[in-house]
Structure formats: structure tokens, C-alpha cells
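Let's ask what each description rests on and set the values against the cut-offs.

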Amino acid sequence: MAEENKENIESNNKGNGDIVTLKNLTKRFGDYVVLDEISLGIEKGKTTVVIGPSGCGKTVLIKHLLVLLRPSGGEVYFKGQRIDNLPEQELNKVRMQYGFLFQGGALFDSLSVVGNVTFPIVQHYEITDWKKVEELVASKLAMVGLDGFQNYYPANLSGGQRKRVALARAIALSPEVILYDEPTTGLDPIRSDIINELILKLQRELGVTTVVVTHDMTSAYKIADRIIMLHHGKIIADGDADHIRNHPHPIVQQFINGQVGEDDLAVLRASGTLTQSQFLPRDFKE
Amino acid sequence: MLEELGSKSIISLGNIGRFGRFVWQVMVASSRSCFRVSTYPLVWAQIHAIGVRSVPVIMITGAFVGMTLAIQAYDQLAGMGLEEHLGALINVSVVKELGPVLAAVMLAGRIGGALTAELGTMNVTEQIDAVRSMGTDPVKYLVVPRVLACLLLTPILIIYADLLGILGGYFVSVVQLEINSSAYWNFSASGVELWDVSVGVVKGIFFGGAIATISCYKGFTCREGAHGVGQACTEAFVSSFISILALNFAVDVVAKGIYNTFWTVKSLV
């Protein structure tokens, strides 16, 4: 517990170069506490990766960074301005400085690729010269390797292509912060690596601040400047890849090495043998 | 027992409050979007999806309402020797009550279900969150065009239902039941006032608003998964149906009050 608190305090005191800051952020759904007084600073221009087992609150955390979810307690700051208490209309201006890649891409089914990528532009700017917009879309799609797919619909794209189009849409307004929610989930290792390379490329070429939520350790080690691990709503590890690799916390070691814990094994052993639970048609009437 | 009742009451009050807030957001956003040119293409797309494709089904509904009324009312009126009054009875019922209500119920099923399923799927696949993440108000982008299209189109669709109801009633009365055609129209003209038609059309505005708002709200708040979307569609239809009946009653009460107060003064003017 002392170790968790120490990591939390370290996360809080990372310095003044933070573009997004969370102070004592708590999120409850009913009686269930998902995030428990998390304090964290996201350093400008760096790639921060949040890891943790499924259901530990990674997505909930990333959605708080642009206040897609309102916290139950604590504060969220963007460039020093408190944003968790802003009305939706003012928040929309702040959100324009973020790009968000959702886990499934969240492309609009009814719009083509070009419709999806131009969506944020059309929503916020009056378009007088469509040719310029087309050029912009082509350049954004070229960045993700999909120029020429303008007239395709999401239903005609593969999972990896959908994520890349979603990424092109996320960078359409040239945001300062790009948030990725499980960008490699559901992709084969090669497609996953393409996404990793894209994240690095965008970070390198656009100089954006990147926050990635993942449980893919290969991806985390490849792209991260800093890795944070969440467990039971708290930060239990915070540091660079080497720090995480050598972290003494057993839960961190168990997670990064992909090993099942003794507690889980005990549950599996206690639940009976396979022969006991086998379905035998002779025991049932047809 | 008391605890359960209390917790259910709190949940219900919370739901009513959330729906009230949603309605308020829709009203504010709709009134602002009415004067914004960028909204018109979105409304136009919905007009096509909601209105144009609903015309055949609405016309069929109206025609059967008129025909059924003629069949049902004929025996009762003929028993009193008043069969030539059938036109007045059918047409008042069609334009004022049954036409608007049954057309709205049909729209609640056709449009309401589609709106809830579409927005519900967008909700569970994080598309609504995606709209918000790009700094766009999802109520303004997704709900307002649908509500405006329903507000505009439901009265027009009701007029179509009325027309076919009148024609259906005429067909059965004159062709099948052999009532004198000129007597049918004369009694219809004397029985149906402009006021009756207007009340029916005005009801369409309320019904359209209710169907669109309830269906969009259910889509926005639907639970995860296929079961969640299916349940939201069912709830949207049931809530819209009850709202249509309640609004029909409320508009009738108000219209009767207005009629009794002002319409009789018309002859003096």
C-alpha cells in the first residue's frame, strides 16, 4: 500500500511540463469505485502508456482526460485550465484540441471514409474551398497509408483499415493531444505493429502528446516514454519501460509477463475436474 | 417493501428528470438550428428517410381506417334510417381522431423504431462518444435534424392519411353500400368544419415531436448489446404509443375549450 501511495505521489509531482493533469480523480458507478483518487500529469510531447488488466478502469481514465465522463470527485486540468466543471458548450472548444481513437474505431457507418475524415472540419469551419479540404483529407489519409480509399464505406474496410481511418479522423483538426483506446486490440501482430509505427510517426512528425491505453506489452514497450499501471483503481507503477520491467510489485510482474496468479489458479483448481463437468447426452432426455 | 418502493420511486424520478433535461436540450438546440443553414442538409436527409418512405404505409393505414369505419357505422345508422349521414360520421372521425392517431401509431412503429435502433447502435459502438470527442454536440447533430423532420412531416403525413381515409370511406359507402354520392358529400361538408381538420393536423405536430424525442432519448440511453438495443426499441414504441394517446386527449380537451370560447363567436364577426 505504501508503495502504491509513493507511486501516486510521484505521478502527481512529475513537473510543470504537463499538458493534462488529474488531481485526486475518483469515478464511481453506483457503489463500485473504478478510479480511486488518481493524481497524474501527462507530459507535453511525450507518449504515456496506461496498462492494466481488463476492467481495471483504463478506458474510464482516458475518457476523463477530455471529460467524456464527468468525475465523481477530483479535478481535470488542460493547459492549466480546470475543465471537468465546464458546461458542454465550452468543453467542445477544449475537445477540438484532442484526437481520440476509439477501441472499435467508432467510424460513422452512414458516411464514407472522406465523410468521416471531414466530419470534424465540416462541423467547426465554414467550407468555402472544397478542393482544399479534399487535399487535406488526402494528406491525412496518406499519413495513415490509405490515400485512395476516400469513397469506401466503413463496412468495406478491414479492422486495421478502420482503425487507420479513425486515426486520420482523429488528426483531422491537428490536435495537440491524441488519445488511443486499445489501438492494437483485435489486430494480428503485423497490423498491430503498423499501428505502433503510426503512433510513433505521428508523435515524431506532429510533436503531439500521446496517451495510449493498452494491455499489449509489446506495443507498450515499443511506443512508451512512460508507462503507468492501474490496478483496482489506483496507480501501482509509474516509470519508463526499464522501470516497469524491473518493478518489484508482484502484480506488475505477473501482468507484464502474462502469468496467471496463484489466487486465480486456486479458483480454477477448486472448480472441479473436466471429467466431472463433461456433458454426457446419456444423462439427459432427448 | 417500503425500501423497494422508495428506491424504485427515486429511479423513476431520476429517469423523468433526465428525460426532461434531454427535452429541454432538444428544444434549445432545435430553436437555434432552425435559423442555421448548415442544419438544412441534415434535416433534408431525414425528411427523405422519415417522410418520403413513410407515405405508402401511411396511405394504406388511412384507407383502411376510412373503409372500416364505413362498414362498422353503416348498420347502426341504417337502423335509424340515417345512412346518408355516414359521410359526416366517417370524415369527422377520420380527420379529427382516428386518422391522426392511427397514422401516428404507425409512424411510432416505423420511424420511432428505426430512430431508436440507429441511435442505440451508434451509442453502443461509441459513435455518439466519437461525435462528442470531436467537439460536436450530439443532440445538435443527431437529434435536432430528426426532431425537426418529424415535426414538419407528421402533419403532412396525417393529411395524406386523412385523404385516403376519406376516399376509402367514400369507396365503401358509395360503391359498396350504395349510398347516394351527392348526399354523402353534402352531409360530409356540413359535418366537417375547417376546425376539425386543423385540430387533426395540429395533433400531428405534437405526435411528431413526441415520437422523435422519445425515440432519440431511448437510443441515447440504451444499454450495451443487442438485447439493450432491442429493449430500447420496445420501450420507445410503448412510450410513444402512450404519449400519443395522452397527447390526443390533452389536445382534444384544449381544442374543445378553445372551440367553445372562440369558434362560436366567428358567426358574430
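Q: Why is α2(A) called largely enclosed by the rest of the structure?
A: Because 8 of the 8 residues of α2(A) are buried. Buried here takes 20 or more other C-beta atoms within 10 Å of a residue's own, while 12 or fewer make it exposed and anything in between partly exposed, with C-beta atoms placed from the backbone. The helix label comes from DSSP runs (H or I, at least four residues; strands are E, at least two), numbered from the N terminus. A word on the ground rules: this is a predicted model, where local features need pLDDT of at least 70 and side-chain atom pairs count only at pLDDT 80 or more, while totals for chains, interfaces and linings use all residues. Residues are numbered from 1 along each chain as its sequence is written, and chains are lettered from A and ligands numbered from 1 in the order in which they are written.

Q: Which residues of α2(A) are buried?
A: They are K58(A), T59(A), V60(A), L61(A), I62(A), K63(A), H64(A) and L65(A). Just after α2(A), V67(A) has a positive phi of about 55°.

Q: What does α2(A) lie across, and at what angle to β1(A)?
A: β1 (18–29), β2 and β4 of chain A, with α2(A) running at about 130° to β1(A). Angles run from 0 to 180 degrees between N-to-C directions, and axes are lines fitted to C-alpha atoms, for helices over the stretch in contact.

Q: What makes β2 and β5 of chain A the edges of their sheet?
A: The sheet is an open one of 4 strands in the order β2-β1-β4-β5 (chain A), with antiparallel pairing. β2 (32–43) and β5 (81–82) each have a single partner strand, so one side of each is left without a neighbour in the sheet. Pairing itself needs at least two bridges found by DSSP between two strands. β4 (residues 73–78) of chain A and β5(A) have 2 bridges, in the antiparallel sense. F78(A) has Q81(A) in β5(A) as its bridge partner.

Q: How do you know that strands β3 and β9 of chain A pair?
A: There are 4 bridges between β3 (residues 47–51) and β9 (residues 226–231), in the parallel sense, and I51(A) stands opposite M229(A) in β9(A). Both strands belong to an open sheet of 6 strands, ordered β6-β7-β8-β3-β9-β10 (chain A), with mixed pairing. β6 (98–101) and β10 (234–239) of chain A are its edge strands, since each pairs on one side only. From one strand to the next the twist averages 15°.

Q: Which helix lies across β3, β7 and β8 of chain A?
A: That's α7 (residues 189–206) of chain A, running at about 160° to β8(A).

Q: What makes α4(B) and α8(B) roughly parallel to each other?
A: Their axes cross at roughly 20° and come within 8 Å, so the pair is on the parallel side of the cut-off.

Q: Why does F207(B) count as buried?
A: It has 29 C-beta neighbours inside 10 Å, so F207(B) passes the test. F207(B) sits in helix α8 of chain B. Leaving aside neighbours within four places in sequence, F207(B) touches P100(B), A104(B), T154(B), I244(B) and L247(B). A108(B) is 99 residues from F207(B) in sequence, with 8.9 Å between their C-alpha atoms.

Q: How many residues of chain B are in contact with chain A?
A: 11 residues of chain B, meeting 17 residues of chain A.

Conventions
Angles under 35 degrees count as roughly parallel, over 145 as roughly antiparallel, 65 to 115 as roughly perpendicular and the rest as oblique. Two residues are in contact if their C-beta atoms, placed from the backbone, lie within 7 Å.
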